[in-house]
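My notes follow in the order I checked them.

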Amino acid sequence: MDLQNFEQSLLALQQSAIDELKGVSRREDALQIKNRYLGKKGQVQAQMSVLRELPNEQRRDAGRISNSTKQAIEQAFQKVMSDIAQAELDAKLASEALDVTLPARKPKLHRSHPLVQTEQELIALFAEMGFAVAQGPEIEKDYYNFEALNFPADHPARDMQDTFMIDQQGLLRTHTSPVQIRTMLAYKPPVQIIAPGRVYRVDDDPTHSPVFHQIEGLLVDVGVTMADLKGTLRHFIDRCFGKQTPMRLRPSFFPFTEPSAEVDIGCIFCAQKGCRVCSQTGWLEILGSGMVDPNVFKSCGIDPERYTGFAFGLGVERIAMLKYQISDIRLLFQNDVRFLEQFS
Ligand code: FA5
């Protein structure tokens, strides 16, 4: 074996390694080919054993030739490996392709909760009639919730509204009527406000919830009569339930109004023929009302000889249940999407 033969046989190995590596698509195949040529027991290594047969002065050249062969095979191997990696990346990018020109998915928008819708509609309706919105705290003092509203201490009328007490003085307001007191203490008549808000009572059944919403109405001025109350409520019923809806005032009692009246509308479910909802009476109670009691005016420093006024208080859940024919008040608080979607 001379140097020329040695070089030729290495070049032949190099070529065949490069040919074999060409087009290989799996890493393990490429590695196997590389090992077959460049491994310890590989073909290039086998050729190196003939180095010993070469004369000394040729050995350096032979070393250079074998290095260049090793490098060429290594390079071909690296090229195949990087081609495989690139192909994998291309495939991944193709499979995860994102077409940014596609139209976007429409966000699913829901309308507000039926209770909020009802409350907003009622506020708008009374605002049209000139009522301003007033607010008061949900944690209330006994004085505003009861005493100033003419509920004497230990008077059984306090049992009408089962109260969540906090301590001797503090409670969760049982109605929005304390806002009447706070407003009349803060402003001189004429006063014309509605007070929407959350109220609390120890109450829990299909038509009563421990937390519910009321809207209080209060109008105080010179010469306000029961006819003004009736006219205001008639207009509210026309707008809320339709002009044909019958209405009646039924004598009632509230410590803070005198006279007091509960307001009923003709049953909208059975056209007053009598059904389960109206307990066969043909009428549905919708709110409490009356003329402001002189004692309440006195608590607020307003002269009852000069001023008169009317007040009313309605339950927002009750109106929503009637409007949307909801039979169980708890549906309004469970946030079941299947229920809420009906109001979208
Ligand atoms: C009152 O709360 C009086 N403050 C209303 C009032 C204001 C009368 C001004 C006169 C002058 P009453 O307890 O009846 O009254 O409640 C009014 C409305 O709240 C009821 O008609 C009913 O619709 C609603 N309501 C009462 N308790 C509950 C409850 N637990 N869950 C849901 N709604 C209720």
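How many aromatic pairs does the count come to? I get 11 aromatic pairs. I note here that this is a predicted model.

I picked one pair to look at. Phe 339 and Phe 343 form an edge-to-face aromatic pair. I have their centres at 5.2 Å and their planes at 65°. The edge-to-face label holds because the cut-off for that class is over 60 degrees.

I then checked for a cluster. Phe 126, Phe 131, Phe 236, Phe 310 and Phe 312 form one aromatic cluster.

I also looked for a charge over a ring. Arg 182 lies over the face of Tyr 144. The distance to the ring centre is 4.0 Å.

Then I turned to the ligand. Where does the ligand sit? I find the ligand in the largest pocket. I list 25 residues around the ligand. His 175, Ser 177, Arg 201, Asp 203 and Ser 209 come nearest.

I looked up polar side-chain atoms next. His 175 has a side-chain N or O atom 2.9 Å from a ligand nitrogen. Ser 177 places a polar side-chain atom 2.9 Å from a nitrogen atom of the ligand. For Arg 201, a polar side-chain atom is 2.8 Å from a ligand oxygen. On its own the ligand has 670 Å² of accessible area, and the protein covers 93% of that.

Definitions and conventions:
Residues are numbered from 1 along each chain as its sequence is written. This is a predicted model: local features need pLDDT of at least 70, side-chain atom pairs count only at pLDDT 80 or more; totals for chains, interfaces and linings use all residues. Side-chain values use heavy atoms; hydrogens and water are left out. Rings of Phe, Tyr and Trp (its six-membered ring) pair if their centres lie within 6.5 Å; planes under 30 degrees apart count as stacked, over 60 as edge-to-face and the rest as tilted. A charge sits over a ring if NZ of Lys or CZ of Arg is within 6 Å of the ring centre and within 35 degrees of the ring normal. A residue is near a molecule or strand if one of its heavy atoms lies within 4 Å of it. A polar contact is a pair of N or O atoms within 3.5 Å; within protein, one must be able to donate a hydrogen and the other to accept it, and residues adjacent in sequence count only if both atoms are side-chain atoms. Accessible areas come from the Shrake-Rupley method with a 1.4 Å probe; for residues, only the protein chains shown count as cover. On a 1 Å grid over the protein atoms alone, a cavity is a set of points where a 1.4 Å probe fits but cannot get out, and a pocket is an open set with protein on both sides within 12 Å along at least five of seven lines; lining residues have an atom within 4 Å of a point. A molecule sits in a cavity or pocket if more than half of its atoms lie within 2 Å of its grid points.
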